[in-house]
Amino acid sequence: MNLSECQDFTQSSIYRDGDLVLGGFFPLYKVAHDSDLHHKFFMTRPKEMKINWFNDRGYSYVLGFLFAIEEINRSPHLLPNMSLGFRLYNAYPSDVSTLKSTLDWLSEGGSPIPNYTCQKHTKSMAVTVALTSEFSMQTGALLELYRTPQVFCGSFDPLLGNKDQFSSLYQMAPSHTCLASGMVSLLVHFQWTWVSILVSDDAKGEQFLWDLRREMVVKGVCMASIEKVSMTKEMYKPDDLTFLLRIFDSSANVVIVYGLTSTSTALYFAGEYHLTTHKLWITTSQREEIGLPLSLFLNTLHGSLVFIEQCSEIHGFRDFLRTVNPSKYPEDFFLGKLWSENFNCSFPGTFCGENFECPPNASLASLPKALVDIRRKKSIVYLYNTVHLVAQALHEMIVMDGEETGSLSEAKLPGFLPSQLHQFLKHTELENSTGEHVSLQENRHEMSRYDILNYLNFPEGFELQVKVGELVSQSLRGQRLIIQEKLIEWAVGFEEAPYSVCSKSCGPGFMKILQEGQPSCCFDCILCPEREISNQTDSDQCMECPQNQYPNMERNRCLLKTETFLDYQDLLGMALACTALCFSVITAMVLWVFVKYRDSPMVKANNRTLSYVLLLSLLLCFLCSLLFIGRPNTVTCILSNISFAVIFTVAVSTVLAKTITVILAFKVLRPGRIMRQLLVSGVVNLVVPICSLIQLIICGIWLGTSPPFIDMDSSSEPRSIIIECNKGSVSAFYCVLGYLGFLALGAFSLAYLARNLPGTFNEAKFLTFSMLVFCSVWVTFLPVYHNSQGKVMVAVEIFSILASSMGLLGCIFAPKCYDSFIRSDGNTSKGLKKIEDTEHLMEQRSALHFWITINIPTATTVSIPTGREIAAYPKVSIIIECNKGSVSAFYCVLAYLTFLALGAFSLAYLARNLPDTSSEAKFLTFSLLVFCSVWVTFLPVYNSPRGMIMVAVEIFPILASSMGLLGCIFAPKVLWFNERVYSYVLGFLFAIEEINRHPHLLPNMSLGFRLYNTYPSDVSTLKSTLDWLSEGEPPIPNYTCQKHTKSMAVTVTLSSEFSMQTGALLELYRTPQIAINVWSAPKVSIPTWRGLAAYPRL
């Protein structure tokens, strides 16, 4: 036949006789139906393709097989005096082809009779199958009936390892998962966490997918999609190729491909229409293993990364390629066909006949692209080892049979069945020409090495494989991945390493929150909660800072907390210390006055000793408040609390003793010796030591059980460690306060009962008022103290000490000092006599009490005494006052005011702990508590005095409540200076200074600045923005006379509300604005930030 007929001719098998015959099934050619080619998925028709595809790359396995047979036949030590023949078939996974080839092998080329054989002995001893495990399954089901040994030379297939189904089938390739592990390591190296998977729909693909999933879960890599390609049908119809569109539309830019034949065939056909571009393919498949034309391969996997298992070169194989030709194997039709295709000639005696004389230097090794590249053909090495291993097993079987019969000459004639070879195949071991240990034991361990090649395709059919990495894996030592990124030429559509993730990485300060219903690689990033940080990328959870540290603004590291306490250098501490010292001086001056006028009737009448004790105790009360200021230590903690308890007990018990003295003084006027003896003997003065002793006992128990100690509170304030004095036993502390309150209530009750007793120097009213102030202060103290912490709590305690001490000092001793300095005549015996006569006459003649009564809405009535009447009573005053008219209406006004105050107090108290830095609920609560306390104190006091004192009592609550509202609400705002935010100003100034010093950045120019306070209010925003636009000149909205301006850009820090407000104004002038806002997930939702798209310059 001529060359054209030779190339179109196809033969089903190749046979060479021998004493023993080995079978081989290899992918030699493929037959496709022309009708299928017209059903391609794409719009244009592909180029013309041949119906019969001769797989010249698949024929390389035949060459390896023939080389091993030739070596064995030449060996004097292996199967001596015997020849090894072969019978080769095309391995194509179809039911018809499989049945035909297998029956032909079983019948040794004769007419096949299924399930029956007349031969007791056979030459056909074993079968080898290369590459396609599907074909091995099909042949295995038939050959298993005759227990014919079969050795699979492709990659390990878990289904073929099922000994219950395939007990006569062996696999040369070892079982390991290093390929899947190596691919995942490559993904982790390039941070590709979102990949698509394309595998063959068979057991091998399932096993690889399972191994891949296991490694991905460990390394944190996710599968965007999984596509399985059927291995039993053609891949050219539209319904078969839709999976490529799903992969192309996937957000994953990296695709892992595993499997041969249909999987790769589909990719190559899709590559012609650029469906494989803009994707990086990681695969083990190659065009050579399928035998498709090069035109279908260009641009398909350009830039892809291919894992190729390393193998050692077979010694002598290249020399075999140089010498082999069709004349050497005339029965091999495929070799003659290959020769005619490449050299356009044939040898005489071959199938093609002698058409053209072949050149003398023609050899397969001289082809531009060698058929066999040892670096990429691990399967050929497996095939070579298999043939040698089967030959060695045959040799051992024949030798053993000869030893049993006693004559090796009789053993030379084969008289065996294939099933007898199994026991020798299982235990035979050898070392091949490359020094590798070869066996079929299932528990063998081998080191696997993979080259990572960068596959490049160029015009005119030029292709190149560049080694860019290596994977070395040994089951006992793990694996090692080496990659050289600089050598990689990336796929079409990528200029650098592609980016393949489901979600962008969460930077430090953020943690991942998985998206519902999505893989673990799809997540949202949220800012770490308060007091927690993350210093790594893609943290699953944030770490809590130690107790002595707090997170910075970015929440990516912990900073040391500052120690805070009420210090003398603080404004609040300085103010309280100055107040305490000032009133200590005032108390000392009052004490000096009393000592100076110790013989005056007023001082004597008010129990001079108790007055001295009370003044000294008040002086110590003012001074003991200084113990609460400054850094606490063990001494000050104990001394401050105990001194406060004891000194205040002395002061209150002194007031109690003075009240009892007043009551006894008026009881003396009645008949009876007991009251007189009590008053004269001074027993009343024992009230002070007795009450103080009881308090000392309580304090002793407190110190003995659980004394106060230094405590460091690191949880109350996020950025500070509060150093405070812990009360130790809270019960003991409240027992001290309770006892103090009991004494105060007792003194107040007695003083209130004695407030209307007659007498010029009766101080019962003053004692009542002082104890009312005292009780009001400490009743107010309790709820405020509980809701305070840190420096504020200590300040509240000091304020209560100072306020109550000032109340006692002012209410008791201020009137007496007034009488001593201003009304000094009333503090002498003569003056005292006049006052007593005046009071007596006033009691006898009530007509001398003249009032100018202003009665609204009635007319004003004024009663004026005559001059003679006024002259008869010197020093008698006329009290001119405003009468309330309708007392009911006055109290209705007060009641409504109280109702509003209580309502506001209740709401503010409920909102006091709302989480907001700028919340003034606590200040409102405190201010309304002071307001209510003042006016509750006002009512009983207002009804007792008359004249100027009554007016003063009414003025005092007005001033006190107003001052309370002003001080509690607005004082913190006036005194507050945001030092933390000012750090941004310092950073801004530092950047400006660096730029101005830089010789290459804005040379010969200076960069100025204009800073404004960012407070999100309409007025503040409008004023600041207009001032910026007018550069400090009087602003003219929507108009400017300047063609050029120095003001170039705006930066806004922290406040996103202010950024939005200014953005609406500055957008009119297209002024660039950069908002440096820290995103907080609990407060700002994603739609809110998307709303910033309305400001393109922001």
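Of the 1098 residues of this protein, 47% count as buried, meaning under 20% relative accessible area, with exposed over 50% and partly exposed in between (1.4 Å probe, protein chains only). The model is predicted, so local features need pLDDT of at least 70 and side-chain atom pairs count only at pLDDT 80 or more, while totals for chains, interfaces and linings use all residues. Residues are numbered from 1 along each chain as its sequence is written, and side-chain values use heavy atoms, with hydrogens and water left out.

The protein has 32 helices and 32 strands; these are DSSP runs (H or I, at least four residues, for helices; E, at least two, for strands), numbered from the N terminus.

**A strand and its partners**

Strands pair if DSSP finds at least two bridges between them. S11 pairs with strand S9 (residues 194–200) in the parallel sense over 5 bridges, and Val-195 stands opposite Val-254. Strand S12 (residues 280–283) also runs parallel to S11, joined by 4 bridges, with Ile-256 opposite Ile-282.

Helix H8 (residues 242–249) has Phe-243, Leu-244 and Ile-247 as its buried residues. Seen down the axis of H8, they fall within an arc of 105 degrees (taken from the directions from the helix axis to the C-beta atoms), so they line one face of the helix.

**Salt bridges**

A salt bridge is a side-chain nitrogen of Lys or Arg within 4 Å of a carboxyl oxygen of Asp or Glu. By this rule the count comes to 15. Three of them are shown here:

| Pair | Closest N and O atoms |
|---|---|
| Arg-74 and Glu-70 | 2.7 Å |
| Lys-791 and Asp-570 | 3.4 Å |
| Glu-797 and Lys-727 | 3.2 Å |

Arg-74 and Glu-70 both lie in helix H3 (residues 59–74), 4 residues apart, about one turn of the helix. Arg-74 is exposed, with a relative accessible area of 53%, whereas Glu-70 is buried at 16%. Together with Lys-328, Glu-70 and Arg-74 are linked in a network of salt bridges.

Glu-797 lies in helix H23 and Lys-727 in the loop between strand S27 (720–726) and helix H21 (730–753), so this pair ties together parts that are 70 residues apart in sequence. Glu-797 is buried at 3% relative accessibility, and Lys-727 is buried at 9%.
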